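Here are my notes on the model, as numbered points. Please read them with the structure open.

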Amino acid sequence: MSSDEKKSAWSDGDSLSKMGLSLLSSIPTFSGAKEEQAKRFIQDFEEILDLANVSSDKIKKFHFKTKLKGLPAEWYETTRDSDEYKEWDSVKKSFLHQFDKTTLRPKDVIMRLMSIRQNVK
């Protein structure tokens, strides 16, 4: 099939997919730096996947790993072959648990409470 034949074989829905996939390249990589927000990163990432009409967990996970670097990329490599992380929702939930700084763990709450000083006169 020639490249012209391939182009004409795309439907309108596929054109949106091509546009969405090209938008995927506009999302910066996530390294877990202090100024990055994991929740916002996931929201932007999923919005682009929706535009691209991507529903396959395998394809979502493939594109997700291309957007990670440093510690998050290393974390992903530890999850990629686990049966527990075959579905995108499991990967997303675990990623947010590991890297979302707005999610408070019980030990974080305890540490914050312990650091509060009462206003004693």
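1. Start with Phe30 and Phe41. Both residues are buried. This is a predicted model, and every value below is computed from it. The two rings form a tilted aromatic pair. Their centres lie 5.2 Å apart, with 35 degrees between the planes. Phe30 sits in the loop between helix 2 (12-24) and helix 3 (38-51), while Phe41 is in helix 3. The two are 11 residues apart, and the pair links distant parts of the chain.

2. Phe41 has another ring partner. Phe41 and Phe64 form an aromatic pair, again described as tilted, at 6.2 Å centre to centre and 50 degrees between the planes. Phe41 belongs to helix 3 and Phe64 to helix 4, so this pair ties together parts that are 23 residues apart in sequence. Phe64 is buried, as is Phe41.

3. Which residues do ring pairs link into a cluster? The members are Phe30, Phe41, Phe45, Phe64, Trp75, Tyr76, Trp88, Phe95 and Phe99. The count of aromatic pairs comes to 14.

4. Look next at Lys60, in helix 4 (residues 57-66). Lys60 is buried yet has no salt bridge. What is the nearest side chain of opposite charge, and how far away is it? It is Asp57, 4.6 Å away. The cut-off for a salt bridge is 4 Å between side-chain nitrogen and carboxyl oxygen, so Asp57 does not qualify as a partner at 4.6 Å. Leaving out residues up to four places away in sequence, Lys60 touches Phe45, Leu49, Val54, Ser55 and Trp88. Among these contacts, Phe45 and Trp88 also belong to the aromatic cluster.

5. Salt bridges do occur elsewhere. The whole structure has four. One of them joins the side chains of Arg40 and Asp44, at 3.5 Å from N to O. These two are four residues apart in helix 3, which means they are separated by about one helical turn. Arg40 is partly exposed, with a relative accessible area of 46%. Asp44 is partly exposed too, at 26%.

6. Arg80 and Glu77 form a salt bridge, with the closest N and O atoms 3.0 Å apart. Arg80 is partly exposed at 36% relative accessible area. Glu77 is partly exposed as well, at 43%. A further salt bridge joins Asp83 and Lys86, where the closest N and O atoms are 3.6 Å apart. Asp83 and Lys86 are both exposed.

7. Helix 5 (residues 71-79) deserves a look from both sides. Its residues Pro72, Trp75, Tyr76 and Thr79 are buried. They cover an arc of only 100 degrees around the axis, so they lie on the same side of helix 5. Which residues are exposed on the other side of helix 5? They are Glu74 and Thr78. The cover over the buried residues of helix 5 includes helix 4 and helix 6 (88-99). Two of the buried residues named here, Trp75 and Tyr76, are also in the aromatic cluster.

8. Check the backbone at Asn53. Is its phi positive or negative? Phi of Asn53 is near 55 degrees, a positive value in a residue other than glycine. Most residues other than glycine have a negative phi. Asn53 lies in the loop between helix 3 and helix 4. At 47% relative accessibility, Asn53 counts as partly exposed.

9. Last, the chain as a whole. How many helices and strands does the chain have? There are seven helices and zero strands. From the N terminus on, the elements therefore read α-α-α-α-α-α-α. Of the 121 residues, 26% count as buried. Take the contacts with a separation of 6 or more: 64% of them are between residues 24 or more positions apart. The chain exposes about 9000 Å², and carbon and sulfur atoms supply 52% of that area.

Definitions and conventions: Residues are numbered from 1 along each chain as its sequence is written. This is a predicted model: local features need pLDDT of at least 70, side-chain atom pairs count only at pLDDT 80 or more; totals for chains, interfaces and linings use all residues. Side-chain values use heavy atoms; hydrogens and water are left out. Buried means under 20% relative accessible area, exposed over 50%, partly exposed in between (1.4 Å probe, protein chains only). Lys and Arg count as positive and Asp and Glu as negative; His and the chain ends are not counted. Contact means heavy atoms within 4.5 Å. Rings of Phe, Tyr and Trp (its six-membered ring) pair if their centres lie within 6.5 Å; planes under 30 degrees apart count as stacked, over 60 as edge-to-face and the rest as tilted. Accessible areas come from the Shrake-Rupley method with a 1.4 Å probe; for residues, only the protein chains shown count as cover. The arc is that of the directions from the helix axis to the C-beta atoms.
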